[in-house]
Structures are given as C-alpha cells and as structure tokens.
Amino acid sequence: MAMHSILVFNANGEDLLTKYFSIEKKLSGISEENHSDVIYKHCRTWEDEVRLQTSKMWMNSLGSNQIARTFDDKIIVFRRIDDIIVFATGEDEYDELV
C-alpha cells in the first residue's frame with residue numbers, strides 16, 4: 001500500500017492540514033530551483049481532485065467512512081467529524097487506509 005496523503009478540510013472544503021508522502025517521485029528529473037513550484041502545483045491539483053471526487057458525499061460521511069476512487073486509481077477514504085473532514089489517500093487496497 002502506497003500512502004499518498006492525509007488531508008483535513010473544514011466543512012467548506014478549505015484545507016486546514018495537509019501531509020504528503022513520497023512526493024520525491026514527482027521531483028525526479030526536475031532542477032532543484034523548480035522543486036517548490038512543482039510541489040505546490042501537485043498539491044493544489046490533488047486537493048482540487050479530492051474536492052471534486054468527494055464533495056457530494058460529505059454530508060453522508062458523518063460518522064461513517066466513505067470511499068471514492070480517482071481517475072488515476074488513487075483511493076480516497078474519508079470521514080466527517082463534526083465540522084471537519086479527514087481524508088486518507090493512497091493506492092492499491094483501500095482496506096489498509098481504513
């Protein structure tokens with residue numbers, strides 16, 4: 001199981017906390033002075049994708065895990081806890097995320 005990220009959004013979809021794992025793959029072959037730009041773009045694109053794939057299910061996720069899959073086969077497991085939504089994302093089998 002390859003963990004991709006942990007995200008915490010408020011109920012409006014604004015990111016409160018983000019943690020990315022194994023982002024070094026995105027940096028291979030890119031000059032060091034451009035690393036921060038590539039990381040920022042990757043993270044912003046991914047957070048937008050998470051919102052797009054899950055936002056219609058946020059109200060139903062209060063107290064139970066919800067699962068979504070992205071177009072590039074990443075799996076998003078999330079749960080709403082009061083007014084925050086916690087996301088765990090990765091590849092392969094979702095049961096390891098739960």
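Begin by selecting strands S1 (residues 2–10) and S5 (residues 84–91), which run antiparallel and are joined by 8 bridges; two strands count as paired if DSSP finds at least two bridges between them, and strands (E, at least two residues), like helices (H or I, at least four), are DSSP runs numbered from the N terminus. This is a predicted model, in which local features need pLDDT of at least 70 and side-chain atom pairs count only at pLDDT 80 or more, while totals for chains, interfaces and linings use all residues. Residues are numbered from 1 along each chain as its sequence is written, and side-chain values use heavy atoms, with hydrogens and water left out.

Within this pair of strands, select Leu-7, whose bridge partner in S5 is Phe-87.

Now turn to the aromatic rings. Which residues do ring pairs link into a cluster? Select Phe-9, Trp-58, Phe-78 and Phe-87, which are linked in this way. Rings of Phe, Tyr and Trp (its six-membered ring) pair if their centres lie within 6.5 Å, and planes under 30 degrees apart count as stacked, over 60 as edge-to-face and the rest as tilted. By this rule there are 4 aromatic pairs. The rings of Phe-9 and Trp-58 have their centres 6.4 Å apart and their planes at 65 degrees, so this pair is edge-to-face. The pair links distant parts of the chain, 49 residues apart, with Phe-9 in S1 and Trp-58 in the loop between helix H2 (35–54) and strand S3 (66–69).

From Trp-58, move to Phe-87, with which Trp-58 forms an edge-to-face pair, 6.4 Å centre to centre and with 65 degrees between the planes. Are these two residues buried or exposed? Trp-58 is buried, with a relative accessible area of 9%, and Phe-87 is buried, with a value of 0%; buried means under 20% relative accessible area, exposed over 50%, and partly exposed in between (1.4 Å probe, protein chains only).

Finally, look for charges over rings, where NZ of Lys or CZ of Arg must be within 6 Å of the ring centre and within 35 degrees of the ring normal. Arg-51 lies over the face of Phe-9, at 4.5 Å from the ring centre, and the charged end of Lys-74 sits over the ring of Trp-46, 5.6 Å from its centre.
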